[in-house]
Amino acid sequence: MHVGTAIIRGSHPLKVAGLIERHPRTRFLLMHLAYPWSHDLLGMAFVYRNIWLDLTWSLLLSPSHFKLALHEAIEMLPDESRMMLGGDNWHVEETYGTMKLARRLIGEVLEEKIASGYLVEDDARRLAAKILRENAIGFFRLS
């Protein structure tokens, strides 16, 4: 489900909270970190364990906001298997550029988490693999 950025009017993530509450066994994949309402989306993902976050496009809209939101997501989400990176691009060149930027930004955030003592290197590597590959495989049941 696209939230934020797409059509600003009516795309605030809290507008789907009732739907998510009424269907606790349904998995909801909410896209783009709900930019510019990422804090609200992260709060919802903390409360509702049936929300998964697709980080797609948020890093292209604002790399600095993406990094702040990813720092926050790592700290507050109790289940790190609910963050993933998708494509949502029209052309392979866009996808390549997006993934290259995503890897750099995720790496920077994880380096900062290691430097601050929040994560150790092994945990950071595991989290990167989950965000970039494993969580999507699990969510979409690809293996």
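Which residues of strand β1 are buried on one side, and which on the other? On one side they are F28 and L30, and on the other L29 and M31, so both faces of β1 (residues 28-31) are covered. "Buried" here means under 20% relative accessible area, with exposed set at over 50% and partly exposed in between (1.4 Å probe, protein chains only).

You're looking at a predicted model: local features need pLDDT of at least 70, side-chain atom pairs count only at pLDDT 80 or more, and totals for chains, interfaces and linings use all residues. Residues are numbered from 1 along each chain as its sequence is written, and side-chain values use heavy atoms, leaving out hydrogens and water.

## Strands side by side

Helices (H or I, at least four residues) and strands (E, at least two) are DSSP runs, numbered from the N terminus. In a regular strand, side chains alternate between the two faces of the sheet. Strand β2 (residues 51-54) has I51 and L53 pointing one way and W52 and D54 the other, all of them buried.

Two strands pair if DSSP finds at least two bridges between them. β1 and β2 do this in the parallel sense, over four bridges, and L29 stands opposite W52 in β2. To get from β1 to β2, the chain goes through helix α2 (residues 38-47), and this β-α-β crossover is right-handed (with the strands pointing away from the viewer, the path from the first strand over the helix to the second runs clockwise). On to strand β3 (residues 83-84): β2 runs parallel to β3, joined by two bridges, and L53 stands opposite M83 in β3.

## A histidine in the loop

Now look at the loop between β1 and α2, where you'll find H32. H32 counts as buried because its relative accessibility is 4%. A polar atom of the H32 side chain lies 2.7 Å from the backbone oxygen of T56.

## The largest pocket

The largest pocket has a volume of about 190 Å³. Of the 13 residues lining this pocket, I106, G107, L110, E111 and A128 are the closest to its centre. A pocket is an open set of points on a 1 Å grid over the protein atoms alone, where a 1.4 Å probe fits, with protein on both sides within 12 Å along at least five of seven lines; lining residues have an atom within 4 Å of a point. Grid points are joined across faces, edges and corners, and the volume is the space filled by probe spheres set on the points.

Helix α5 (92-115) and helix α6 (121-139) each supply at least two lining residues, and α5 gives the most, with eight.

Notes
A polar contact is a pair of N or O atoms within 3.5 Å; within protein, one must be able to donate a hydrogen and the other to accept it, and residues adjacent in sequence count only if both atoms are side-chain atoms.
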